[in-house]
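Let's take a walk through this fold together. Have the sequence and the 3D view open, and follow along as each part comes up.

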Amino acid sequence: MTERVKLQTISSELLPELLALQVDEAQQHFVKPIARVLDELSAQQTAHLILANKQVVGFFVIDTQYPYQAELPLQQSVLLRSFFVASQFQGKGYGYAAGAQLRPYVADLNPSFQHLALTVNCRNNGAQALYKKCGFVDSEKLYNGGPAGPQHLYFLDL
């Protein structure tokens with residue numbers, strides 16, 4: 001891949017470009033609309049961009065409040081939420097390039113945390129394959145409170 005993929009915190013000048021992104025219709029029940037995610041950000045959550053050659057191609061949230069302690073008792077864990085690459089940019093390796101950078105990026109932003117965790121819908125096979133390729137491990141535990149059905153709990157040691 002000749003295009004450079006970079007992760008960075010959200011910036012106001014790139015907000016219009018970010019808000020224009022959409023996922024494929026078949027993926028919409030797995031990811032909330034970006035505007036809604038941004039409106040619902042808590043004090044423990046930060047929004048981040050996936051850039052390819054300085055163009056916004058994706059988005060994710062880092063949440064320092066890990067709510068899955070009962071299902072997967074990871075100590076000092078931070079949560080990855082709403083990770084996606086917009087439909088027009090899928091299939092170009094951006095998701096993998098971004099995912100491969102998550103470990104150092106998140107560890108740098110949150111040095112006191114030991115794990116990056118996420119949930120992924122049991123029916124979202126494409127995302128599961130991507131996370132595994134990026135080094136995430138399926139804990140073999142399920143979270144049953146997801147709005148689109150059961151979710152696998154994955155983790156990555158930071």
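## The sheet

In what order do the seven strands of the open sheet lie? The order is β1-β2-β3-β4-β5-β7-β6, and the pairing is mixed. Please keep in mind that this is a predicted model. At the edges sit β1 (5-9) and β6, each of which pairs on one side only. On average, neighbouring strands of this sheet are turned by 30° against each other, direction ignored.

Towards one end of that order, β2 (residues 45-52) and β3 (residues 55-63) form an antiparallel pair with eight bridges. If you want a spot to look at, find T46, whose bridge partner in β3 is I62.

## Strand β7 and its neighbours

Strand β7 covers residues 151-157, and six of its seven residues are buried. With β5 (residues 115-121) it pairs in the antiparallel sense over seven bridges; here L118 has Y154 as its bridge partner in β7. With β6 (residues 137-143), β7 is again antiparallel, over four bridges, and V137 has F155 as its bridge partner.

Helix α4 (residues 125-133) lies across β4, β5, β6 and β7, and runs at about 160° to β5.

In soluble globular proteins, nonpolar side chains tend to be buried together. Here the largest nonpolar core has 43 residues, and those with the most contacts inside it are I50, F60, L80, L102, L116, Y131 and F136. Another core, of eight residues, lies apart from the largest one and includes Y66, L72, A117 and F155.

## Aromatic contacts

How many aromatic pairs does a search of the whole structure find? It finds nine. Y68 is buried at 7% relative accessible area, while Y143 counts as partly exposed at 22%.

F89 and Y94 make a tilted pair, 6.4 Å from centre to centre and with 50° between the planes. F89 counts as buried at 10% relative accessibility, and Y94 is buried at 3%. Ring pairs also link F60, F83, Y105, Y131, F136 and Y154 into a cluster. Finally for the rings, K133 lies over the face of Y96, at 4.7 Å from the ring centre.

## Two backbone angles to check

Most residues other than glycine have a negative phi. Q76 has a positive phi, near 50°. Q76 is placed in the loop between β3 and β4 and is partly exposed, with a relative accessible area of 42%.

S82 also has a positive phi, of about 55°, although it is not a glycine. S82 belongs to strand β4 and is partly exposed, with a relative accessible area of 25%.

Terms used
Residues are numbered from 1 along each chain as its sequence is written. This is a predicted model: local features need pLDDT of at least 70, side-chain atom pairs count only at pLDDT 80 or more; totals for chains, interfaces and linings use all residues. Side-chain values use heavy atoms; hydrogens and water are left out. Buried means under 20% relative accessible area, exposed over 50%, partly exposed in between (1.4 Å probe, protein chains only). Helices (H or I, at least four residues) and strands (E, at least two) are DSSP runs, numbered from the N terminus. Two strands pair if DSSP finds at least two bridges between them. Axes are lines fitted to C-alpha atoms, for helices over the stretch in contact, and angles run from 0 to 180 degrees between N-to-C directions. Contact means heavy atoms within 4.5 Å. A nonpolar core is a set of buried Ala, Val, Leu, Ile, Met, Phe, Trp, Tyr and Cys residues joined through side-chain atoms within 4.5 Å. Rings of Phe, Tyr and Trp (its six-membered ring) pair if their centres lie within 6.5 Å; planes under 30 degrees apart count as stacked, over 60 as edge-to-face and the rest as tilted. A charge sits over a ring if NZ of Lys or CZ of Arg is within 6 Å of the ring centre and within 35 degrees of the ring normal.
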